[in-house]
Amino acid sequence: MDYYESDSPPADVASGESLTLEQAIANLRSQDYSLRYYAAWWVGRFRVKEPRVIAALIAALQEESEQTKIGDYSLLRNAARALGKLGDKQALPALIQCLECEDYYVREAAAQALEMLGDRDAIGALMKLLDGGVPAAVRVPGKSHLVQPYDSVIEALGTLQAEEALPVIQPFLEHSVERVQYAAARAMYQLTGESVYGERLVTALNGDNLQLRRSALMDLGAIGYLPGAQAISETLAENSMKLIALKGVLEHHLQQQASLSLSDEAIHVMNLMDSLL
């Protein structure tokens, strides 16, 4: 999951009104599609881990509404994202089913949600989206995206420690799209621990494209690549993003430490973070 995901209200929701829990639950069951759409975002944003909310979101994923019949999958996307944030594994079957949705962005949201759920039962379904390998990973004619959300799928497989996917993921290091390359490097580091993949992301911090530098920052934070801390702090990007990435590095390092005392490496990362404030 991308660390730089916004929790701002959906751009096409005119009203940013605050809801009560009961209003949100009622709106999730409303006949008004826009109310359901906003409520799905709202419960995810505020992490409303309420059984009635989970049930309503899962139901939204499984229904065929008039909107989905005409190609409007916005509610499904918000519901999938919310279920990932809420972390309830009851959503696993419905999210796996969403990987077969005809809408690219629903598949992307489902892959990201499955990464957040952290259940290895999703590995097989995620790997299916990589069928055909790099030769099949081409752009959809007339669209800005590839035939599958390869970066999100590969990132999920890395987080889920899907070692069985290593032979499938490795060729994506040579994909023509840099963001997919970075996802593959991120997953390969998570699955092998080999620094060559972390260093590949560090090198990407020197690229000319700001969006790609941001992506590399977030990937380094996600894998907690400690040797990249100094480079992260010096990247030409927003300090807020560098702080998020360094926070990921620090948290990962602290989780690996047996001692309760701060290591020199941890203190160094904290000093780098202080310098960005």
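Which residues does Leu95 touch, not counting residues up to four places away in sequence? Leu95 touches Leu61, Ala80, Leu83, Ala110, Ala113, Leu114 and Leu117, where contact means heavy atoms within 4.5 Å.

Before going on, a word on what we are looking at. This is a predicted model, in which local features need pLDDT of at least 70 and side-chain atom pairs count only at pLDDT 80 or more, while totals for chains, interfaces and linings use all residues. Residues are numbered from 1 along each chain as its sequence is written, and side-chain values use heavy atoms, with hydrogens and water left out.

Back to Leu95, then. Its place is in helix 6, residues 92-98. Helices here are DSSP runs of H or I with at least four residues, strands are runs of E with at least two, and both are numbered from the N terminus. Is Leu95 buried or exposed? Leu95 counts as buried, at 0% relative accessibility. For that term, buried means under 20% relative accessible area, exposed means over 50%, and partly exposed is in between, with a 1.4 Å probe and protein chains only. Leu95 and Arg107 are 12 residues apart in sequence, and their C-alpha atoms are 8.7 Å apart in space.

Now the whole protein. It has 17 helices and 0 strands. The radius of gyration is 19 Å, close to the 19 Å that the globule rule gives for 277 residues, so the protein is as compact as a globular protein of that length. That radius is taken over C-alpha atoms, and the rule is 2.2 Å times the number of residues to the power 0.38. Along the principal axes, the C-alpha trace spans about 55 × 45 × 35 Å. Of the 277 residues, 51% count as buried. Among contacts between residues at least 6 apart in sequence, 65% join residues at least 24 apart.

Next, the inside. In soluble globular proteins, nonpolar side chains tend to be buried together. Here, the largest nonpolar core has 94 residues, and Leu95 is among those with the most contacts inside it, as are Val43, Leu57, Leu61, Leu126, Leu157 and Ile169. A nonpolar core is a set of buried Ala, Val, Leu, Ile, Met, Phe, Trp, Tyr and Cys residues joined through side-chain atoms within 4.5 Å. Which helix gives the largest share of this core? Helix 12, residues 178-192, contributes 9 residues. As for Leu57, its contacts beyond four places in sequence include Leu28, Ala40, Val43 and Ala79.

Ser74 sits in helix 5, residues 74-86, and is buried, with a relative accessible area of 12%. With the residues up to four places away set aside, Ser74 touches Tyr33 and Tyr37.

Arg52, found in helix 3, counts as partly exposed at 32% relative accessibility. Arg52 touches Leu21, Glu22, Ile25 and Arg29, again leaving out residues up to four places away. Arg29 itself is found in the loop between helix 1 (21-28) and helix 2, and is exposed, with a relative accessible area of 52%.

Most residues other than glycine have a negative phi, and most peptide bonds are trans. Which way does phi go at Arg47, positive or negative? Phi of Arg47 is positive, near 50 degrees. Arg47 is in the loop between helix 2 (33-45) and helix 3 (51-62), and is partly exposed at 38% relative accessible area. Gln161 also has a positive phi, near 55 degrees. Gln161 lies in the loop between helix 10 (150-159) and helix 11 (166-169), and counts as partly exposed at 34%.

Thanks, everyone!
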